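This briefing concerns the salt bridges of the structure shown below.

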Amino acid sequence: MLQKNKVIGVFSHVDGGKTTLMEAILYKKDVIKEIGNVNKGTTFLDNEPIERRRGITFSSKPVRFNVNQQPYTFIDTPGHMDLTFEMERILQVVDVAIVIVSAMDGVTGYTETIVDLCQEYGIPILMFVNKLDVDTVDLVSLKEELSCFSEKIIPFDTHSLEDNSEFLEEWALLDDDWLSIMVDNREIVMEDKLHFLSTAIMSQTIIPCVFGSALTLIGVNELLELLDMLELPRNENKTPVAQVYKITHDSKGIRHAHAKIISGTFHSKDTIKIRKSEDTLKINELFFPQGNHFIKVDDAKEGDIVTMTGLTSVSPGEFLTSSLVESKDIPLDISFKRDPIFEVQVVPSDVVRFDDMVTSFHLLANEDPMLKLRYKKEVNELYISIVGVIQMEYLKEIFLERFSFSIDFLPPSVLYKETITQSVIGVGHYEPLRHYAEVALLLEPGESGQGIVIKNKCLRENLEINFQQRVLQHIKEKTHLSVLTGSPLTDVTITLLDGLAHYPETKGGDFREATYRAIRHGLMKIKETSQLLEPWYSLKISVPSELVGKVSADVVKMGGTVYPTMTATKEMTTIEASVPVASFIDYPLSFASFTKNKGRLKMTLKGYYPCQNQEELIETLSYHPESDRENTANSIFFKKGKGYDVHWSEVDELKHLSI
């Protein structure tokens, strides 16, 4: 039976040879007639101007082709740490990941990040060690390094599936099912052997590793043989379900929703709906993406990567289905595991209307949910959340190309968060003419890293269940800003205690207003005891042994902690530490310089912890909560035929609920 489309993501650190490997694969599969050159800007996939100039991939691009009627979709991905968000959304829709390791660099911090993310998302891995044609490569040391990195990594070559090969023996040490066959000396035909191997790879029991050179096509055939052999599970559910992972606009301004078909079949002109919404949408056209081009199709089946036009309100992470299907049958929308931890102010460097720039950024934020905006309208200041400086360069290029004006950025600063240290009840009352809603919420300190946890203790006899559900949704739907610096609220448990509605005055949006105001009201009441939090990195640093003292001292100077556990090989020592992000921003460049690029640095977000210099930061950030009218703590009460504004400090005296 013909297998469904195989979606293969290609991942590596920058300069690992990812785009070159993609060119080699496309050449071997007869998709292109000549292999492009990254340095000359002639590659099939890196065709954006900034990508050709810089020689690195900035945005993911799928390319689809058939081999013996078997469809494949390969997705080339960015290879820079600052663009991890793009890599993460691709991981949501790939079936298999090819992780490339440069033989010149070995296992980098970014390699570890890729493998960690694959494990989090349950993505099986094939590894390709590239650039083996370079004379200075020490293959023995490289294999030792890979073995230390993960015991699952097993070298694979053309002789690996022959009887009594070293590959089969190493595989047996990790796979009990295969071990039992080896111990019993059972004869097994090649077809069954391939089936067992596919199962071991797809279950992430082993990671076959091919050694080669994409530039000279060494090892590419072996890699493709592994891909051809993999058997993907079929989805027994025939309900049409698709997951959106990306939004883009083409050169004509047409919005494309990039999606993977999870089950069933979608057709152009189908009427569909978003899982969380009752509204229906219509697919205008369906396309198979081919790099930066599109091939129009009439339908798309399970496993296909497609773009859909006509879907104006869908966002990345959401699921689509037939309008006839109940939403309970569809998976929950996916949230991204990593958030930006930097914020930067945007300034137009040309003579351009500020409103036009803001409008353009809203369009980009609609495409990328991680590109959060903060617009201070009263002073015409726009701030965006970013991952790193490479992302800033890409945004500059996007603005010049798509919107025909240039932008610049002030130096980035760390994004802080806030939490509470004592419990409080907040009340929100919203009663302008012909409207009514009142809500009482309990805010309690939560565990570090929990985010916002929502509970409900409201009685049905006090507030109808549909109104309760609206309140709970309004707590969830917004990033609530706290009152010390206007930073997002986190690590708080919010419980709905009670609420009031009046017929026929209560309208759809009344409980939204009451809920937002209740949270803010509670925060203002305990402002003096609130806590500002800053992000910390967990560090894993491998350096030549003679540099251990310097690196340890650097971490301590930055206010960090070096843990006593250290591991060492012949030449390198690995240090584990943690450090505040704010003091670490410029260190990676310095690290690369004094280690002469021989060191390895892995940074992962450890979490948010109390700031040591809270008062200084509050003064520097200079946030005035009562001036923030979009996040007001005041309530609206009704008197003498009209609504009037009540200061938050008087709300408890005037509230209607008996709390």
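Asp356 is partly exposed in this predicted model, with a relative accessibility of 33%. Its salt-bridge partner is Arg353, at an N to O distance of 3.2 Å. Arg353 has a relative accessible area of 52% and is therefore classed as exposed, the cut-off for that class being over 50%.

**Salt bridge between Lys396 and Asp408**

- The side chains of Lys396 and Asp408 form a salt bridge with an N to O distance of 3.3 Å.
- Because Lys396 belongs to helix H11 (residues 389-403) and Asp408 to strand S21 (residues 407-409), the pair ties together parts that are 12 residues apart in sequence.
- Lys396 is partly exposed at 34% relative accessibility, and Asp408 is likewise partly exposed, at 32%.

**Salt bridge between Asp163 and Lys193**

- Asp163 and Lys193 are joined by a salt bridge in which the closest N and O atoms lie 3.3 Å apart.
- Asp163 is located in the loop between strand S6 (153-156) and helix H6 (166-174), while Lys193 is in helix H8 (residues 190-202), so this contact ties together parts that are 30 residues apart in sequence.
- Asp163 is exposed, with 62% relative accessibility.
- Lys193, by contrast, has a relative accessible area of 4% and is therefore buried, since the limit for that class is under 20%.

**Network and total**

- A network of salt bridges links Glu112, Asp116, Glu145, Lys540, Arg600 and Lys602.
- In total, the structure contains 22 salt bridges.

Methods: Residues are numbered from 1 along each chain as its sequence is written. This is a predicted model: local features need pLDDT of at least 70, side-chain atom pairs count only at pLDDT 80 or more; totals for chains, interfaces and linings use all residues. Side-chain values use heavy atoms; hydrogens and water are left out. A salt bridge is a side-chain nitrogen of Lys or Arg within 4 Å of a carboxyl oxygen of Asp or Glu. Helices (H or I, at least four residues) and strands (E, at least two) are DSSP runs, numbered from the N terminus. Buried means under 20% relative accessible area, exposed over 50%, partly exposed in between (1.4 Å probe, protein chains only).
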